[in-house]
Amino acid sequence: MAFGFGFGGFEVLFTIAFLLIFGMIVVTVIRGISQWNKNNNSPRLVVDAEVVTKREDVSHHNTPVAGDVTGAHGFHHTSSTTYYVTFEVKGGDRLEFAVDGREYGQLAEGDRGELTFQGTRYVAFARA
């Protein structure tokens with residue numbers, strides 16, 4: 001008995017899905033390299049700024065235990081946190097940068113000083 005959707009159809013769908021996922025990965029890598037290059041070629045700027053807000057973005061990840069793709073043996077749960085700080089410069093413009101956890105912990109809303117950045121890359125903040 002034929003269902004009209006044999007292994008040939010599955011192979012085509014699998015190939016299309018694989019190519020789409022692979023294409024998204026390639027685009028993401030190219031964008032990352034492009035942003036890295038743009039930052040490296042941007043001037044390093046130092047401006048007076050104030051810390052106006054801080055936020056955290058927590059991502060949760062579930063991975064099947066021992067490579068079991070079905071999850072029948074449970075999952076290994078992990079999380080990662082990305083820290084962001086928003087600075088306000090003269091004229092009222094706001095700039096948000098991802099910072100490491102140590103830097104995030106040392107900065108407080110209302111801190112004033114000199115912000116150093118290069119493109120979209122945070123470099124340092126020195127309190128006045």
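**Working chat on a predicted model**

Me: How much accessible surface does the protein chain have, and what share belongs to carbon and sulfur atoms?
Reply: The accessible surface of the protein chain comes to about 9,500 Å², and 60% of this belongs to carbon and sulfur atoms, with areas taken from the Shrake-Rupley method with a 1.4 Å probe, where for residues only the protein chains shown count as cover. This is a predicted model, in which local features need pLDDT of at least 70 and side-chain atom pairs count only at pLDDT 80 or more, while totals for chains, interfaces and linings use all residues. Residues are numbered from 1 along each chain as its sequence is written, and side-chain values use heavy atoms, with hydrogens and water left out.

Me: Which residues make the nonpolar surface patch?
Reply: Phe10, Phe14, Phe18, Leu19, Phe22, Val26 and Ile30 make a patch of about 750 Å²; patches consist of residues with over 30% relative accessible area and no salt bridge, like charges being joined within 9 Å and nonpolar side chains (Val, Leu, Ile, Met, Phe, Trp, Tyr) within 5 Å. Phe14 is found in helix H1, residues 7-41.

Me: Is Phe14 buried or exposed?
Reply: Phe14 counts as exposed because its relative accessibility is 52%, given that buried means under 20% relative accessible area, exposed over 50% and partly exposed in between, with a 1.4 Å probe and protein chains only.

Me: Switching to S4, how many of its residues are buried?
Reply: In strand S4 (residues 112-118), 5 of the 7 residues are buried. S4 runs antiparallel to strand S1 (residues 44-64), with 7 bridges joining them, and also pairs in the antiparallel sense with strand S5 (residues 121-127) over 6 bridges; two strands pair if DSSP finds at least two bridges between them.

Me: Which residue of the S4 and S5 hairpin takes a positive phi?
Reply: Gly119 does, with phi near 65°, in a hairpin that has 2 residues between the strands.

Me: How many aromatic pairs are there?
Reply: The whole structure has 8 aromatic pairs, counting rings of Phe, Tyr and Trp (its six-membered ring) whose centres lie within 6.5 Å, with planes under 30 degrees apart called stacked, over 60 edge-to-face and the rest tilted. Phe87 and Tyr122 are stacked, at 6.0 Å centre to centre and 10° between the planes. Phe87 lies in strand S2 (residues 75-89) and Tyr122 in strand S5, so this pair ties together parts 35 residues apart in sequence.

Me: And which pair is tilted, at 35° between the planes?
Reply: That is Phe87 with Phe125, at 5.3 Å centre to centre. Phe87 is buried, with a relative accessible area of 0%, and Phe125 also counts as buried, at 8%. Ring pairs link Phe87, Phe97, Phe117, Tyr122 and Phe125 into a cluster.

Me: What about salt bridges, how many does the search find?
Reply: The search finds 5 salt bridges, each a side-chain nitrogen of Lys or Arg within 4 Å of a carboxyl oxygen of Asp or Glu. Among them, Glu50 and Arg112 meet at 3.3 Å, N to O. Because Glu50 lies in strand S1 and Arg112 in strand S4, the pair ties together parts 62 residues apart in sequence.

Notes. Helices (H or I, at least four residues) and strands (E, at least two) are DSSP runs, numbered from the N terminus.
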